[in-house]
Every structure is written in structure tokens, then in C-alpha cells.
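Please look through the model below with its sequence at hand. The report that follows it is written for a reader who is new to protein structure.

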Amino acid sequence: MAAWAAHPDDTEISCGGTIASLAKGGRKVAIVDLTRGEMGTRGTAKTREQEAVRAAEILGVAERVNLGLPDTGLANTREHQLAVIRELRRLRPAVCLINAPHDRHPDHGAAAKLLLDAFFYSGLAKIKTRDAHGREQDPWRPSHVMHYMQDRKFEPDFIVDVTGTQPIKEKAILAFATQMNVEDPGDEPETYISSTTFFEGLRARARHYGHMGGCEYGEPFLYASGTPMFRDLNVFLDNSVTR
């Protein structure tokens, strides 16, 4: 499984509980950040990199990579698509979590469009890419793609119970100390996401979707790969909820 993000901290904020749950269950999870978040008001690209490494350790992911695309400059160009395709073909994940389709920050919607198109093109054999060793890569297209929720709400297709990993998620979010839950902004200005109120809101949202799904904490997702198909009903029979 691979979780893709426009900026370092997008995944922690939006689907950190799901990532931690998969990692705890023995699944190999990678995080791919498209940009370094270098245009953020607080911190620097270097501090964001250090915070991202720490957050990945807390979540227990197998690896975290950064494609170095331009923050506030994500575009659905062939150049940016190829950067995504190379990484997708290297990782070959069956499941991908990606940014919200539309959101307050323009980069989030831009990333979602870029990723969806690149994932499709990655399955075309006539689009050629090579790995870091110069070897030609085989085509690859993920079986399932889901949008995680960011600032703007959507009607989710499903909710993941993250009650057992909500504390891990919050610890990973707080690893971004320059960005999140900053009680004393210091010399840098307070931002939309740096206030303690925003952090409290994240917990409240998790409680809300947990209530909607019949658990304590939940994370909502929008299925982007058309209509989901199941081989049987075990996915429901093996997962009971209380409503």
C-alpha cells in the first residue's frame, strides 16, 4: 500500500490512523510526498524533512520518499506525471491513498488530479520509464485508489475504524512541531493549521466519523476507482460494528 501526498504532513493529518493500523498488522506501507512543503509559512524544507522522517518512524511505515516537485507548482504535466509513474512502477502497490479531489489548499486538488492521471498512464506499456539503475520498468496500475478527507468535507464511501491507532496518529501529527498544535508561534506567524484549535478539530472530526461508523475514532475515504467490487461478503461478515 502507498499513501501519496502533496505535502509532508498531509497523510498524518488525514489518514495516519489507517496507515498505522496497516503497519501494525504487518502490511508494508510507503508514503510518497510529492513536494517538500518548502512554501509553507512556518519552518523550512529542511525542518519539514526532519519532521517527516520522525513521523514515518512513529507510524511504522516501511519507507518514505519525496519526489521534490514544486510546492504550489504542482501541475498535471507529462514531466510531473513521469515522476509519479516511475515511483509507482517501483513500489507497485495494489492500493493507493491520495489527496482529496477538491480542497481549501489548491495543491491538494492538483495533486489528486495529477496522481489519478499518472496512475492510469502508468498502466500503458508504450509510456517508457527507467528506474534509478537505468532498467526499463514494467507497466503498473493500482487496483484500488481512495481519496482521504482533508479540510473540506465530502460524503464518504466508507470509514476505517482507527480507534486503536488514534494515539499513534496524533503523535505522528505532533512530530511536525513547526506546523501543528503550536502554543507559542514565536517569531513565525500563526497559520490556519498551526493553532491548538485546529488540532482539537482533527480529534473531533475523528470522533464524528467514528460515531458515524460505529466506533470511537474513524477516518473517512472516497473510493476513486469506480464502483468497488467484492469477491464475496466476507469483508462485511468479518467486520461487525455497533450502531
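The sections below take up the basis of the model, its nonpolar cores and its aromatic rings.

## Basis of the model

This is a predicted model, in which local features need pLDDT of at least 70 and side-chain atom pairs count only at pLDDT 80 or more, while totals for chains, interfaces and linings use all residues. Residues are numbered from 1 along each chain as its sequence is written, and side-chain values use heavy atoms, with hydrogens and water left out.

## Nonpolar cores

A nonpolar core is a set of buried (under 20% relative accessible area, 1.4 Å probe, protein chains only) Ala, Val, Leu, Ile, Met, Phe, Trp, Tyr and Cys residues joined through side-chain atoms within 4.5 Å. The largest such core has 28 residues, of which I19, L59, V61, L97, M180 and L202 touch the most other members. Its largest share, five residues, is supplied by α2.

Apart from neighbours within four places in sequence, I19 is in contact (heavy atoms within 4.5 Å) with residues including M1, V29, L59 and V61.

## Aromatic rings

The structure holds four aromatic pairs, that is, Phe, Tyr or Trp rings (for Trp, the six-membered one) whose centres lie within 6.5 Å. One of them, F158 with F221, is stacked (planes under 30 degrees apart), at 5.5 Å centre to centre and 15 degrees between the planes.

How values were computed
Phe/Tyr/Trp six-rings, centres within 6.5 Å; stacked < 30°, edge-to-face > 60°. Buried < 20%, exposed > 50% of the residue type's maximum accessible area, 1.4 Å probe, protein only. Helix = DSSP H or I, 4+ residues; strand = E, 2+ residues; numbered from the N terminus.
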